[in-house]
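Hello,

Here is the structure for you to look at. Some notes on it follow below.

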Amino acid sequence: MVAGTGLVFALFVTCYLAGVPLVPTVLLTFLAGGGMWAGVFALNRRFGEHGLMKAAARRAAPRYITNRHSRLFQRLNQDPPGRA
């Protein structure tokens, strides 16, 4: 939301400094801001409050964990070194 607001502000400043008349600049700014607002709320409706971060974490995690050595399972019932 913050990044979108910053981009909308940068769009307004760029149009204003480029000499675009004020009415089209304001209309373009409101359209861009409304689109950004609708996009953020659509993502919020789809994923929930922290769901987008959870979805990204889920995609980054491996689907399966493979173990190619049996040492892990052979030593499960042994005491760890250093314990009496």
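Where is the place of Thr 25? Thr 25 sits in helix α2, where helices are DSSP runs of H or I with at least four residues, numbered from the N terminus.

This is a predicted model, in which local features need pLDDT of at least 70 and side-chain atom pairs count only at pLDDT 80 or more, while totals for chains, interfaces and linings use all residues. Residues are numbered from 1 along each chain as its sequence is written, and side-chain values use heavy atoms, with hydrogens and water left out.

Thr 25 counts as buried, at 1% relative accessibility (buried is under 20% relative accessible area, exposed over 50%, partly exposed in between; 1.4 Å probe, protein chains only). The side chain of Thr 25 reaches the backbone oxygen of Pro 21 at 2.9 Å. Neighbours within four places in sequence aside, Thr 25 is in contact (heavy atoms within 4.5 Å) with Phe 12, Cys 15, Tyr 16 and Val 20.

On aromatic pairs: rings of Phe, Tyr and Trp (its six-membered ring) pair if their centres lie within 6.5 Å, and planes under 30 degrees apart count as stacked, over 60 as edge-to-face and the rest as tilted. The count is two. Phe 12 and Tyr 16 are stacked, at 6.1 Å centre to centre and 15° between the planes. They are about one helical turn apart because four residues separate them in helix α1 (residues 2–17). Phe 12 is partly exposed at 26%, whereas Tyr 16 is exposed at 52%.

Trp 37 and Phe 41 form a tilted pair, 5.1 Å centre to centre with 40° between the planes. Both lie in helix α2 (residues 22–47), four residues apart.

Regards

Note on methods:
Helix = DSSP H or I, 4+ residues; strand = E, 2+ residues; numbered from the N terminus. Polar contact = N/O pair within 3.5 Å; in protein donor to acceptor, adjacent residues only side chain to side chain.
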